[in-house]
Amino acid sequence: MTSELITLILSTVAISCLHTATGPDHYLPFIVLSRSQKWSITKTITITVACGFGHILSSVAVGMVGVFFGMAAFQFRLV
């Protein structure tokens with residue numbers, strides 16, 4: 001791996017951790033549901049991780065749509 005790729009990966013991890021820690025809407029619903037439904041810690045972690053992957057994949061999908069439209073705009077000289 002190149003140093004640029006390592007820097008990009010480390011930056012992404014740092015920003016994503018900060019994003020999650022500063023946004024209670026990312027973890028508070030899981031805490032509330034877990035307590036109200038009396039989930040085990042294993043079930044809570046499993047559901048939280050599954051939702052986290054869904055959040056990441058949907059963000060990537062939205063980003064890819066943006067990239068697609070950006071490339072199309074340049075291809076048709078709209079920009």
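Lys 38 counts as exposed, its relative accessibility being 72%, where exposed stands for over 50% relative accessible area, buried for under 20% and partly exposed for values in between (1.4 Å probe, protein chains only). The model is a predicted one, in which local features need pLDDT of at least 70 and side-chain atom pairs count only at pLDDT 80 or more, while totals for chains, interfaces and linings use all residues. Residues are numbered from 1 along each chain as its sequence is written, and side-chain values use heavy atoms, with hydrogens and water left out.

Lys 38 is placed in the loop between helix H2 (28-37) and H3, helices being DSSP runs of H or I with at least four residues, numbered from the N terminus. The phi angle of Lys 38 is near 55 degrees, which is a positive value in a residue other than glycine.

The largest pocket has a volume of about 410 Å³. On a 1 Å grid over the protein atoms alone, a pocket is an open set of points with protein on both sides within 12 Å along at least five of seven lines, and lining residues have an atom within 4 Å of a point; the volume is the space filled by probe spheres set on the points, which are joined across faces, edges and corners. The lining comprises 15 residues, of which Thr 20, His 26, Gly 52, His 55 and Ile 56 lie nearest the centre of the pocket. Two or more lining residues are given by each of helix H1 (3-21) and helix H3 (41-75), and H3 supplies the largest share, 7 residues.

His 26 lies in the loop between H1 and H2 and is partly exposed, with a relative accessible area of 23%. The C-alpha atoms of His 26 and Gly 52 are separated by 8.7 Å, although these residues stand 26 residues apart along the chain.

Conventions
1 Å grid on protein atoms, 1.4 Å probe; cavity = no way out; pocket = protein on both sides within 12 Å on 5 of 7 lines; lining within 4 Å.
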